[in-house]
Amino acid sequence: STTLAKRDNPSRFFITLFLSHIWENETQKDHLVQIYGTIYDVVTQGTNLNLTYRGDDMTILVLGATGNTGSEVVRQLKEKQADFRVMVRNAESAACLGLSNDQIRLGNFDDLDSLKAAMSGISSVYLAMVAHQNNQQWVENVVTAMKASGVKHLVKLSGMGAKKDAGSLIIRTHAITDELVKGSGLSYTLI
């Protein structure tokens, strides 16, 4: 965790995430350092991936905003005073985020029309999803809504070691949904 702590003073959240993982060897530990360092850079600075916040010309929509990672993304976007919105199923679930009403958009991954409405005026989407049997369909819906709404860039939280033959179902699902994103024709960043 020392290596991670030296990266641009990351928040305790990223250090906690890092420390919550168990690794079998130094290679795995180094891989975790790289992953969480990359997540931190994308969320807070974008410098490593050329996603620097550009003011009025970039409005971000956070999907999965009330989850562990998504709520930290929201916190750091607020801290940066970035122009962003969140999509939630109901306004009450966003109360813990401390946002103004105009930052909250109602929507559902199963409802393509609500996704399109949530993406109105958005230039970039951050996507973090819970493990769910509908993940593949939800990512397809997000991609379809982004294209229909003219959204330019997708940042998708993936899983460490995402590959189709992984031992974990959620990691295999990330591999499948990552491929959907890669084949979408959208500009994207997988972290």
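Modeller: Start with a rule: two strands count as paired when DSSP finds at least two bridges between them. Keep in mind that this model is predicted.

Colleague: Which residue stands opposite L190 in β6?

Modeller: Strands of a sheet pair through backbone hydrogen bonds, in a parallel or antiparallel sense. Here K156 is the residue opposite L190 in β6. Its strand, β5 (residues 153-156), pairs with β6 in the parallel sense. Four bridges join β5 and β6.

Colleague: In what order do the six strands of the open sheet run?

Modeller: The order is β3-β2-β1-β4-β5-β6, with parallel pairing. At the edges are β3 (104-106) and β6 (187-190), each pairing on one side only. From one strand to the next, the twist averages 20°.

Colleague: Which strands does helix α4 touch as it packs on the sheet?

Modeller: Helix α4 (residues 68-79) touches β1 (60-63), β2 (84-88) and β4 (124-127). The direction of α4 makes about 155° with that of β1.

Colleague: Which residues line the largest cavity?

Modeller: Among them are L127, M129, V139, K156, I170 and H174. By class, the lining has seven nonpolar, four polar and one charged residues. Helices α6 (135-149) and α7 (169-182) each supply at least two lining residues. The largest share, four residues, comes from α7.

Colleague: How many aromatic pairs does a search of the whole structure find?

Modeller: A pair of aromatic rings is described by the distance of the centres and the angle of the planes. The search finds one pair. F109 and W138 are stacked, at 5.3 Å centre to centre with 25° between the planes.

Colleague: Which parts does the pair tie together?

Modeller: F109 lies in the loop between β3 and α5 (112-118), and W138 in helix α6, so the pair ties together parts 29 residues apart in sequence.

Note on methods: Residues are numbered from 1 along each chain as its sequence is written. This is a predicted model: local features need pLDDT of at least 70, side-chain atom pairs count only at pLDDT 80 or more; totals for chains, interfaces and linings use all residues. Side-chain values use heavy atoms; hydrogens and water are left out. On a 1 Å grid over the protein atoms alone, a cavity is a set of points where a 1.4 Å probe fits but cannot get out, and a pocket is an open set with protein on both sides within 12 Å along at least five of seven lines; lining residues have an atom within 4 Å of a point. Ala, Val, Leu, Ile, Met, Phe, Trp, Tyr, Cys and Pro count as nonpolar, Asp, Glu, Lys and Arg as charged, and the others, Gly among them, as polar. Axes are lines fitted to C-alpha atoms, for helices over the stretch in contact, and angles run from 0 to 180 degrees between N-to-C directions. Contact means heavy atoms within 4.5 Å. Rings of Phe, Tyr and Trp (its six-membered ring) pair if their centres lie within 6.5 Å; planes under 30 degrees apart count as stacked, over 60 as edge-to-face and the rest as tilted.
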